[in-house]
Amino acid sequence: MKDYRATAPGKVILFGEHAVVYHQPAIAVPVTTVQAKVDLQATGENSGLRIIAPDLGRDYRLAEAEADDALALIIRLTLARFQQVESLQATLIVTSTIPLGRGLGSGAAISTAVVRALAQFYGQQITPAAISDLVYEVEKLYHGTPSGIDNTVIAYEQPVYFIRQQPIERLPVGRAFILVVGDTGQVSPTHKAVGHVRRQWQADPQRFESLFAEAGRIAATARTIIEQGGPGATLGALMNDNQAVLAAMGVSSPELDRLIEAARQAGAWGAKLSGAGWGGNMIALVEPEAAAAVSDALLKAGATGCIITEVAPS
Ligand code: PMV
């Protein structure tokens, strides 16, 4: 039987998380060193679709899936889009090297890989925009008001300058730069930190709107520097400024602060949390010669994993 395989990368948010929910600009880049993979094999049996996710210890049938099952939802949405009403006789195996629930886009990457594998299976062409729209529907399960940045950067697999509900803007990268991504090891459900920010904003709209606007200004300045291939030290300083804004929003944590400080002490140009915060991952911008030292320092400071990744010119 023929085998259909598809992958999708992880992502990091470089600038503007949280504020992006409130229509401020943000910047995200794909991280191809980690990947979600989907393997789809037609079975020829008449027993529907079997879904196997070994990392999650799950093995079940599409027909038995709960209403809030993310894998079942993306499969059903994709089958509806391809107008495949007859039941699919196949086995779908999902694996991923993207740590789950830690701000690296594992959910959006798995959904994207599922859509791509089903598109191959049915011999359908599907644009990144259409994939992104389908994946966005699933992102809503994780928190009710996703900005859409995760599904966009992962479906397009390109750096993006993202403003909610505006046409996608690809972000050209003038010069390669290197990020060290450090994992606190703590799972951080996005909806909790997003809900916290929403409550704080409702309690003190003036203060929070000025924090969101400040994050937006930082992202807009960073965009120009990235496009022009400007100095790493300037971009790093903007990351530090963005971290101060995120800490003021209340979404950093002692573990994130410790890793961010360790990266700066080890010579990073700048460091900040990435994603929802309260755990998950942090990122540090480094010159190539400093990458190994920063990664060692993060592991010594308690990071449970480190990824060194290059954002290539585009
Ligand atoms: O899913 P995460 O942890 O990468 O967080 C997404 C970024 C937020 O701005 C906090 C939420 C959103 O919808 O953009």
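Trainee: Which residue does E17 form a salt bridge with?
Mentor: E17 pairs with K272, and their closest N and O atoms are 2.9 Å apart. By salt bridge I mean a side-chain nitrogen of Lys or Arg within 4 Å of a carboxyl oxygen of Asp or Glu. The two sit in distant parts of the chain, 255 residues apart: E17 in the loop between β1 and β2, K272 in strand β9 (residues 270-274). Strands here are DSSP runs of E, at least two residues, and helices are runs of H or I, at least four, numbered from the N terminus.

Trainee: Are E17 and K272 buried or exposed?
Mentor: Both E17 and K272 are buried. Buried means under 20% relative accessible area, exposed over 50%, and partly exposed in between, using a 1.4 Å probe and protein chains only.

Trainee: Before I go on, where does the model come from?
Mentor: This is a predicted model, where local features need pLDDT of at least 70 and side-chain atom pairs count only at pLDDT 80 or more, while totals for chains, interfaces and linings use all residues. Residues are numbered from 1 along each chain as its sequence is written, and side-chain values use heavy atoms, with hydrogens and water left out.

Trainee: OK. How many salt bridges does the structure hold?
Mentor: There are 12. One of them joins D39 and R5, at 3.3 Å from N to O. D39 lies in strand β2 (residues 26-42) and R5 in strand β1 (residues 3-15), so this pair ties together parts 34 residues apart in sequence.

Trainee: And is D39 buried or exposed?
Mentor: D39 counts as buried because its relative accessibility is 16%. R5, at 56%, counts as exposed.

Trainee: Switching topic: which residues come nearest the ligand?
Mentor: K11, H18, H143, S147 and A276, out of 16 residues around the ligand. A residue is near if one of its heavy atoms lies within 4 Å.

Trainee: What does K11 do there, in terms of distance?
Mentor: A polar side-chain atom of K11 lies 2.6 Å from an oxygen atom of the ligand. With H18, a backbone N or O atom lies 2.9 Å from a ligand oxygen.

Trainee: How much of the ligand's area does the protein bury?
Mentor: Taken alone the ligand exposes 380 Å², and the protein buries 93% of that. Those areas come from the Shrake-Rupley method with a 1.4 Å probe.

Methods: A polar contact is a pair of N or O atoms within 3.5 Å; within protein, one must be able to donate a hydrogen and the other to accept it, and residues adjacent in sequence count only if both atoms are side-chain atoms.
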